[in-house]
Amino acid sequence: MRKPILAAFAALLAFGGGARADNFPSRPITIVVPFSAGGPSDAVARIMAERMRTTLGQTILIENATGAGGSLGVGRVVRAAPDGYTISFGHLGTHVANGAIYKLDYDLVTDLEPVVLLPSNPMVIVSKNAVPAKSLRELIAWLKARPAPPIAGTAGAGSGSHIAGLYFENVTGIKLQFVPYRGTAPALTDLVAGQIDIIVDQLSNSISQVRAGTIRAYAVTDDKRVEEASDIPTTDEAGLPGFHMTLWSGLWVPKGTPKAIIAKLNAAAVDAMNDPAVRKKFENLGLQTPPADQLSPQALGAWQKAEIAKWWPMIKAADVKVD
Ligand code: ASP
């Protein structure tokens, strides 16, 4: 009588209990993107997922779990089973800055395992077309002359666009009024519509609207121009020397995920980034793929820690208030 019950229990354990690497993946995988669909994080995740599913032989679903600067979506992965089937997509905002802004109920370093570093791009300072400025210097003068703080759209406190906005306040002395959205896709829609004044946005998000002439671009936050948008000057050229910021992304899984599963996910992601068709898609968005020696899980872990050391002091000094 007991045997069938024990056998059923053993089968249940084998299926749902310990994660097995040899037959991984045997069912669909979910990548949790903590910002809105159609935005820059979503774009990178979808390009990666489309190619990774060929290598892994399984469907990869994208789940946009938005809110609180991406910290809710990351929390959803921290609490998921450590079996490789739930992956956290994140970036400098979600996996670095948020730890200095929110009282998170998880630790960004010890509750997650790094998988791989993903492409990055600089930010671009963009305004609604109604702003009469023709250069970054003129934009700064216009912003300074506003009777009330100009409105800067962000993807929430701690997001890339918010950190870049804080950095912009820091180097210009301009006080901005930050308006949080669930991602920079909806923020950009409002910029095009003239509802907000500026975004210090990821270039990959704004680039098509800049090309279409529906918003105005002033400078990219890098020391060299981006080939795909070579008419936009760098901050160094445009009058804010040293205002550099690169928004990089990555993939993480919950703590305790078997190393062999992490290795499979890493290999599929590296495969994707080595595919010329994928590289082309990233290049069109002004995104740069990391060098080969930066693509191990260890390299992402070391990079994340170095970025925490670099950014937390500035972010903590800004004393960002969140609910
Ligand atoms: N990654 C963007 C940011 O942090 C948000 C987004 O992807 O929508 O500003």
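## The ligand and its surroundings

Trainee: Which residues surround the ligand?

Mentor: This is a predicted model, where local features need pLDDT of at least 70, side-chain atom pairs count only at pLDDT 80 or more, and totals for chains, interfaces and linings use all residues. Residues are numbered from 1 along each chain as its sequence is written, and side-chain values use heavy atoms, with hydrogens and water left out. Counting a residue if one of its heavy atoms lies within 4 Å of the molecule, the ligand is surrounded by Phe-35, Pro-40, Ser-41, His-91, Ala-155, Ser-159, Gly-160, Ser-161, Gly-183, Thr-184 and Gln-202.

Trainee: How many residues of the shell around the ligand are nonpolar, polar and charged?

Mentor: In this sorting, Ala, Val, Leu, Ile, Met, Phe, Trp, Tyr, Cys and Pro count as nonpolar, Asp, Glu, Lys and Arg as charged, and the others, Gly among them, as polar. By these classes the shell around the ligand holds three nonpolar, eight polar and no charged residues.

Trainee: Which residue has a polar side-chain atom 3.0 Å from a nitrogen atom of the ligand?

Mentor: A polar contact is a pair of N or O atoms within 3.5 Å; within protein, one must be able to donate a hydrogen and the other to accept it, and residues adjacent in sequence count only if both atoms are side-chain atoms. Polar side-chain atoms of Ser-41, at 2.8 Å, and of Ser-161, at 2.7 Å, each lie by an oxygen atom of the ligand. The residue at 3.0 Å from a ligand nitrogen atom is Gln-202.

Trainee: How much of the area that the ligand exposes when taken alone does the protein bury?

Mentor: Accessible areas come from the Shrake-Rupley method with a 1.4 Å probe, and for residues only the protein chains shown count as cover. Taken alone, the ligand exposes 270 Å², and the part of this that the protein buries is 99%.

Trainee: Where does the peptide bond from Phe-24 to Pro-25 lie, and what is its form?

Mentor: Most residues other than glycine have a negative phi, and most peptide bonds are trans. With omega near -5°, the bond from Phe-24 to Pro-25 is cis.
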